[in-house]
Structure formats: structure tokens, C-alpha cells
Amino acid sequence: ELGEIEATLAQHPGVAAAVAGTPDRRRLLAWYVPRPLPVPPSPAAPAWDAAVTAARAAHLAQPPSAPELLAATDALGARAVTWIAAGLARLGLFTADGQAHDLDALHSLVTPAYHRWLRRGLDLLQGSGLLRQAGTTWIAPRALSPAAPPPLDLGPAGAHLVDLLDRYGQQLMPILRGEASALELFYAGGQVDAATDFYADAFTDALAVLAAFLDVLPSGLRALEVGGGGGGTTRVALPHARASSYLFTDVSRLFLEHAARAFPGARTAVLDLDRPPADQDLRPGQFDLLIAGGALHVARELRATLAHLAGLLAPGGALVLIEATRFWPMMQLLTALQPGFDGFTDTDLRRDHCLLDLPDWTAVLASAGFETDVGPGVYDIHSPRVPPVAEIERAIVSMLGKLGKKATEYDGV
């Protein structure tokens with residue numbers, strides 16, 4: 001009888017193996033090992049080539065970046081450096097000509113979570129000629145000033161950036177000591193929409209390309225957005241994806257509550273990118289489309305996170321990601337103070353900061369099983385020079401392959 005029970009259970013397509021037993025005369029127990037059921041291919045797979053073509057056309061239709069934008073980027077970077085110098089001076093550091101401090105002593109003044117931030121800040125001051133390094137010692141040829149930088153007028157479009165940078169600058173030392181929260185300062189007063197506008201503005205061109213890409217895909221796909229944050233990417237992705245199900249995820253309850261109000265067409269759930277999705281009620285092959293707008297760089301182990309995401313895609317599914325591929329000095333205050341920015345542990349892949357350049361993104365995506373193909377996607381959108389089409393064809397690598405899982409990346413900063 002036990003053999004018959006085991007044989008009958010094993011005939012079920014969801015059972016890989018089964019065993020039955022009678023631990024006592026009153027009970028009959030059976031155990032089985034589940035067999036993963038085959039996952040049907042994504043219905044969007046045949047449309048990827050057309051979507052890539054549409055995205056390429058959307059990018060080429062965009063005007064080149066104005067010189068004023070690059071000048072504003074430089075001005076914000078210089079302002080960030082001034083605030084870093086002022087913050088150190090307000091701590092009583094480098095307040096006399098020739099004053100020197102050892103790196104370990106400097107580290108003792110900030111929480112361990114900001115040790116990488118501090119080292120990067122020292123490097124920025126050295127690059128500006130305000131400090132110089134001698135081994136593990138940092139020296140100020142001239143005393144650093146504790147004064148705030150003078151007013152900066154970047155017009156209405158840049159006013160919120162100047163305001164945000166100045167807020168961080170004024171509270172820099174409390175943040176570094178763990179006495180204030182950079183995230184709470186960013187969303188001061190519950191102004192999630194205003195902060196989301198900041199992110200949307202930073203990735204305007206990339207989001208326009210994303211919209212063109214999604215418009216070509218068939219409706220009814222199963223979409224997952226990871227690290228949705230304030231919804232800057234969701235504003236574009238949700239209406240253009242026309243998905244049968246759109247799952248908005250983030251690790252923060254604040255963002256999930258805001259998304260539930262702002263995007264009634266999406267479901268919400270907690271998703272920690274550093275944990276296996278199977279432990280968070282997600283199953284293999286559950287989605288046709290994964291969207292990550294400025295989210296994946298905060299993963300502690302990027303290779304593991306990408307492998308987890310690859311497993312969530314149906315055969316022929318795609319990962320679309322928007323990531324900055326260059327660290328600008330202004331980011332030291334505008335983004336690098338946020339929790340998670342310097343939490344990475346894959347130091348063989350990332351050393352000075354959590355951002356990857358194009359070759360590293362290409363390699364790490366391929367290592368996670370994403371196929372590569374030439375397409376639109378990885379370039380400096382804010383470059384003052386728009387390359388000719390032939391050069392773009394040679395240089396741009398898209399993670400949208402024709403047969404297996406695919407991904408595409410846009411440099412939005």
C-alpha cells in the first residue's frame with residue numbers, strides 16, 4: 001500500500017518525489033518534494049525589437065543638452081564642496097593654516113555608515129585644492145572657512161536643487177554624526193510629491209525614452225517596479241505599460257503608503273532587494289517586465305540582487321533600469337547622504353561609491369544571465385555632444401536580447 005501511495009503522488013506534475021510511512025498504527029503520513037512547474041514564455045518577447053527601435057528614435061529626437069545645464073551642474077558641485085569644507089570647519093577641523101588630521105581621528109567624528117562618505121568628501125576637497133593627503137593624514141594648506149556659500153541663482157528650474165543642497169549643507173554635521181536623518185530632511189514636511197519632482201526632473205530624458213519603449217509593448221503584461229520610492233518612474237511607467245497587473249514595491253512603508261494613494265491602479269508590497277524574493281512571497285517567472293528607476297545601485301551585493309531579479313522574469317522577459325553611470329560632485333550632498341548609498345559590500349565591483357560605469361553594468365548584467373544586444377540605452381544623456389548614429393550603434397549596449405532575458409539601461413544624470 002505505501003508503494004502505491006508513493007507512486008500515485010509521484011504521478012502528479014507538481015511532485016518531484018514522494019515517500020509514505022506509518023509512524024504508528026493509527027496514522028498514515030506522506031511527504032513530497034515539489035517540482036517547479038514550467039513557466040510559459042512572456043507574451044512581450046516578440047515585441048522587444050520594435051520597442052528598442054522606438055526607444056532609439058525617442059532618444060535621437062531629443063535636443064542636445066544646453067550649455068547652461070552643464071554650467072549649473074558645475075556650480076552645484078562647487079557649492080557642495082564649499083558646504084563640505086564649512087561642515088568640517090564647524091567641527092573645529094582644519095581651522096588653521098597647515099593643520100593636519102589623521103584619517104582614523106576624522107572617522108571617529110562620524111558614524112560608521114558615513115566613513116565612505118567622509119573619505120570621498122576629503123578627496124573632493126583635495127581635488128579642489130582645499131586639502132592635500134600625505135599617507136593617512138590630511139592637511140589644509142589654508143584654513144577652511146565655516147561660512148556658508150554665497151547665494152546661487154539657477155533660475156526657477158534650479159531653485160529646488162539649490163534649496164535641497166543648502167538644507168543638507170546646513171545640517172551636514174548632525175547628519176554625519178547620526179543626529180539627523182538625510183531621508184527625513186529630503187522629505188521634510190511630508191512633501192513627497194516635491195521630492196519626486198526632483199527625481200523626475202533628473203531623469204526627464206530617460207523617462208521619455210522609457211515611455212516610448214513601453215508604448216510599443218502589448219498590453220496586459222505583468223509588471224514589477226522595484227525601489228519605486230516617491231513614484232517618479234511610476235508616473236511614466238504605470239500609464240504607458242498598460243499592464244494587467246502592476247506591483248509597486250519598496251522597502252519603505254512611507255513610500256508604499258504614498259504610492260497606494262497616488263497610484264490606485266497599482267498594488268503595493270514591501271520588497272527588500274537584499275533578500276531572496278522567494279522569502280517575500282514572489283515566485284519564479286512571475287513577471288514579464290521589471291522596472292527599476294534609480295534603485296539597483298543601493299543593493300548591498302549587486303550580482304546577487306540581479307540574479308534574484310532574473311529569476312522573477314518569465315522566459316523572454318525584460319528588466320528596464322535607469323541608472324546614473326557617473327558620480328558628479330553635487331551628488332555628494334544631493335544623493336550620497338541617503339541611507340543605502342554607501343552600504344554596498346561587493347568591494348571587488350564597487351570601491352569609491354555605489355555607481356557603475358557602462359562597462360561594469362554590461363558585465364554584471366551578463367553575469368546574472370541577461371543577454372545583450374545593440375540598442376538604445378547606455379550613454380550620457382546630458383553630454384554636450386550628441387554622437388552620430390553610427391557611433392551610437394557601436395557604443396550603446398542594451399540589455400534587451402532577442403531570445404532570453406533582456407535588460408536595457410539609461411544613464412539619467
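An open sheet of 3 strands, in which the pairing is antiparallel, has the order β3-β5-β4, where two strands pair if DSSP finds at least two bridges between them. Its edge strands are β3 (100–102) and β4 (132–134), each of which pairs on one side only, and the twist averages 25° from one strand to the next. The model is predicted, with local features needing pLDDT of at least 70 and side-chain atom pairs counting only at pLDDT 80 or more, while totals for chains, interfaces and linings use all residues. Residues are numbered from 1 along each chain as its sequence is written, and side-chain values use heavy atoms, with hydrogens and water left out.

**The chain as a whole**

- The secondary structure comes to 16 helices and 13 strands, these being DSSP runs numbered from the N terminus, with helices (H or I) of at least four residues and strands (E) of at least two.
- Of the 413 residues of the chain, 48% count as buried, a term that means under 20% relative accessible area, with exposed meaning over 50% and partly exposed lying in between (1.4 Å probe, protein chains only).
- Among contacts between residues at least 6 apart in sequence, 69% join residues at least 24 apart, contact meaning heavy atoms within 4.5 Å.

**Strands and the helix across them**

- Strand β3 is joined by 3 bridges to strand β5 (residues 137–139), and the two run antiparallel; in this pairing His101 stands opposite Trp138 in β5.
- Helix α5 (residues 115–127) lies across β4 and β5 and runs at about 40° to β5, with axes taken as lines fitted to C-alpha atoms, for helices over the stretch in contact, and angles running from 0 to 180 degrees between N-to-C directions.
- Strand β1 (residues 15–24) and strand β2 (residues 27–34) run antiparallel and are joined by 7 bridges, with a hairpin of 2 residues connecting them and Ala20 standing opposite Ala30 in β2.

**Helix α6**

- The 16 residues of helix α6 (residues 155–170) should span 22 Å at 1.5 Å a residue, and this agrees with its end C-alpha atoms, which are 21 Å apart; the expected span is 1.5 Å times one less than the number of residues.
- The buried residues of α6 are Gly158, Leu161, Val162, Leu164, Leu165, Asp166, Tyr168 and Gly169.

- A search of the whole structure finds 3 aromatic pairs, where rings of Phe, Tyr and Trp (its six-membered ring) pair if their centres lie within 6.5 Å, and planes under 30 degrees apart count as stacked, over 60 as edge-to-face and the rest as tilted.
- Phe327 and Phe341 form a tilted aromatic pair, at 6.2 Å centre to centre and 55° between the planes.
- This pair links Phe327, in the loop between β10 (313–322) and α14 (331–334), to Phe341, in the loop between α14 and α15 (358–367), 14 residues apart.
- Phe327 is buried, with a relative accessible area of 17%, and Phe341 also counts as buried, at 3% relative accessibility.
- Thr325, placed in the loop between β10 and α14, is buried with a relative accessible area of 18%; Thr325 and Trp361 are 36 residues apart in sequence and 8.7 Å apart in space, C-alpha to C-alpha.

**Arg116 and Asp342**

- The charged end of Arg116 sits over the ring of Phe344, 3.8 Å from its centre, the criterion being NZ of Lys or CZ of Arg within 6 Å of the ring centre and within 35 degrees of the ring normal.
- Asp342 lies in the loop between α14 and α15 and is buried, with a relative accessible area of 11%.
- Leaving aside neighbours within four places in sequence, Asp342 is in contact with Ala113, Arg116, Trp117, Arg120, Ala336, Asp352 and His353.
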